[in-house]
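Please take a look at the model shown here. The paragraphs after it go through selected parts in turn.

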Amino acid sequence: MSTISNIFIFINLVLAFFILFFERKTASSAWAWILVLFFIPILGFVLYWLFGKPLRRSRLNRPIAYENRDFMDWKDRQLSEMKSGSFQPPALEEKWMDIVQMNAARTDAPLSMASDIQIFNDGKRKFNALFADIRAAEKHIHLQYFILNDDALGRELMSLLTEKADQGVKVLFLYDDLGSSSLPKHFFDAFHGAGGKSAAFLPAMLTSINPRLNHRNHRKLAVIDGRIGYTGGFNVGDEYIGKKEEFGYWRDTHLRITGEAVHSLQNRFFIDWNQAAEKYPMKYAETYFPKTEQRSGAPLQMVASGPLETHEDIKNGYLKMIHHARESIYLQTPYFLPDKSIMDALRTAALGGVDVQLMIPHLADHLFVHSATLSFARELLEDGVKVYSYKNGFLHAKTLVVDGQAFSVGSANMDVRSFALNFELNAFVYDAQSAQEMAGLFLQDRKLSAELTEEDFRKQHWFEKAKQDIAKLVSPIL
C-alpha cells in the first residue's frame with residue numbers, strides 16, 4: 001500500500017511541475033490544483049484527470065466544411081473602418097466604440113442591427129414564443145442547448161421538431177453530452193426517423209467516463225429560417241418553466257431577436273455544429289443567411305469565448321462595460337466566483353460613486369459554489385456594493401446592465417468556469433431602450449429579494465464563515 005501511495009505522490013509532484021510551468025493556467029487556478037493534489041493525493045490525481053486537464057484543439061473536429069466569406073469580409077471591413085476612424089454605425093453611442101472594436105478584433109463578432117429585441121424573464125413565455133416560431137418555420141431550424149432533459153418539456157420540443165422534420169424542414173439539434181447525460185439512447189429515434197439530425201458535443205469515450213468534464217458547450221441558441229434568433233440562459237427541461245418543486249419559480253433571461261444580427265447566431269451554430277457533427281458537416285448556403293436591407297435598429301454583438309482561445313473574451317467585455325459605468329451597474333448571476341480583475345473593477349466602480357448592485361440566488365443548487373459566492377459577496381460589501389439575495393425561486397439569469405444604456409445577457413456566469421473553461425455565448429447590446437427594460441426587470445426582482453448586509457455576515461456561525469472561506473480558496477477550480 002505504501003508503494004502505491006509513493007507512486008501517486010510522485011505522479012502528483014510531476015503533475016504539479018507541469019501545471020506550474022507548462023499548462024496555460026492562471027496563478028490562482030494552478031495553486032488551487034496543487035493544493036488539491038497535495039492534500040488529497042490519490043483522489044486529487046483522479047479529480048485532475050477528470051476536471052483539470054486543458055482542452056487540446058485536436059480534441060475537436062476542425063470545421064473545414066464551413067466557410068462564410070461574406071460574414072468574415074463583413075467583420076474585417078468593419079474592423080478596418082474602426083481602426084481608420086471612418087466607422088459610423090447608426091444608433092451607436094461613441095462611448096461604446098472601444099468595446100465594439102475589441103470584440104470585433106478578438107472574436108467573430110461584427111456589430112450588427114437587431115430590428116427587434118424581445119426580453120423574456122419567464123420560461124413559459126420564452127418557450128411559447130419559441131414553439132410558435134418553430135411551427136411557422138419553412139426552411140430550417142437550428143437549436144443548441146447545454147441541457148436537454150427527457151421530461152415533459154423536452155419531449156414536447158422533440159415531438160414538435162420531429163413533426164417539422166417530417167414536413168421537410170431541415171432540423172438540427174446540438175446538445176452537450178455532459179449537460180444532457182440523462183437522455184436515454186432511444187430519445188432521438190423518432191426525430192432521426194423523420195429526417196432530423198442531432199449531435200453531441202465532446203461525447204464520453206466510454207458509457208460513463210468522460211475525461212473532458214471541465215470543458216463543456218454551455219451555449220444556448222436557436223435560429224429559425226435565418227431570420228429569428230434566440231439566446232440567453234434557459235435550457236430545455238421542466239425546471240426552466242417552474243415545474244420542479246425543489247427550485248420553484250425559475251428566474252432566467254433570454255432574448256428573441258430579428259434582423260441581420262441573427263446571422264451572427266447562425267454563424268456560431270455552424271461552427272459549433274461542424275466541431276461536433278463529423279458525419280453531417282454543414283456548408284455555407286445563401287438560404288441560411290437571408291439578405292436584409294435593414295439600416296436601423298438596436299446595435300449588438302454576439303461574443304463567443306471558450307477554452308481554446310488565448311483571451312477570456314466575454315470576461316473582457318464585462319470588464320469594459322464595468323469600467324464605462326458612471327451611474328449604475330446591475331449584475332445578476334447564479335454563481336459569483338470572479339477573478340481578481342472583476343472584483344477590482346466592481347470595487348473601484350463602487351468606491352468611485354457608481355451604484356453597484358449584485359443579485360445572487362437565495363436557493364443553492366450547488367452548496368459549495370454558493371458558499372464561495374457568499375464569501376465574494378461579503379468582501380464586496382466592505383467597499384459599498386449592495387448585495388441582494390433573490391427569494392422568489394431560483395435565480396439563473398446572467399445579466400449585466402450599465403447606466404441603463406447597454407447590457408449583456410447570455411450563457412456566461414460571473415465565474416472562472418465561464419471565463420476560461422466552458423464554451424459560452426453572450427449578446428452585448430448597446431441600446432438604451434432595451435437596456436432600460438433590463439434595468440427595470442432588475443428593480444422588479446429586487447422587490448422579491450432580501451438585502452444582505454455586513455451585519456448579516458457578522459451574525460453567522462464561525463463554521464459557516466469557515467466554509468465560505470474554504471470554498472473561496474478553491475473557487476478557481478469549481
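Helix α12 covers residues 367-381, and its 15 residues, at 1.5 Å a residue, should span 21 Å; the end C-alpha atoms are 21 Å apart, which agrees. The expected span is 1.5 Å times one less than the number of residues in the helix. Helices (H or I, at least four residues) and strands (E, at least two) are DSSP runs, numbered from the N terminus. This is a predicted model, in which local features need pLDDT of at least 70 and side-chain atom pairs count only at pLDDT 80 or more, while totals for chains, interfaces and linings use all residues. Residues are numbered from 1 along each chain as its sequence is written, and side-chain values use heavy atoms, with hydrogens and water left out.

Of the 15 residues of α12, 12 are buried, so the helix is mostly covered, where buried means under 20% relative accessible area, exposed over 50%, and partly exposed in between (1.4 Å probe, protein chains only). Among the buried residues are V369, H370, F376 and L381.

An open sheet of 9 strands runs in the order β1-β9-β18-β16-β15-β10-β12-β13-β19, with mixed pairing. Two strands pair if DSSP finds at least two bridges between them. At the edges stand β1 (112-114) and β19 (449-452), each of which pairs on one side only. From one strand to the next the twist averages 25 degrees. Within this order, β10 (residues 328-332) and β12 (residues 355-361) pair in the parallel sense over 5 bridges, and Q332 stands opposite M359 in β12. Helix α9 (residues 262-276) packs on the sheet and touches β1, β9 (298-305) and β18 (424-429); its direction makes about 15 degrees with that of β9. Contact here means heavy atoms within 4.5 Å. Axes are lines fitted to C-alpha atoms, for helices over the stretch in contact, and angles run from 0 to 180 degrees between N-to-C directions.

Aromatic rings give another view of the chain. Rings of Phe, Tyr and Trp (its six-membered ring) pair if their centres lie within 6.5 Å; planes under 30 degrees apart count as stacked, over 60 as edge-to-face and the rest as tilted. By this rule the model has 24 aromatic pairs. In one of them, the ring centres of F247 and F394 are 5.6 Å apart and the planes stand at 55 degrees, so the pair is tilted. F247 is in the loop between β7 (228-232) and β8 (250-258), whereas F394 is in strand β14 (residues 394-395), 147 residues apart, and the pair thus links distant parts of the chain. F394 has a relative accessible area of 0% and is therefore buried. Y330 and F442 form a stacked pair, with 4.6 Å centre to centre and 5 degrees between the planes. Because Y330 lies in strand β10 and F442 in helix α14 (residues 432-446), this pair ties together parts that are 112 residues apart in sequence. Y330 and F442 are both buried.

One aromatic cluster is formed by Y145, F173, Y175, F187, F188 and F191. Strand β4 (residues 170-176) is mostly covered, with 6 of its 7 residues buried. Strand β3 (residues 140-145) pairs with β4 in the parallel sense over 6 bridges, and the bridge partner of H142 in β4 is L172.

D313 counts as buried because its relative accessibility is 3%. Leaving aside neighbours within four places in sequence, D313 is in contact with R106, T107, V303, A304 and S305.
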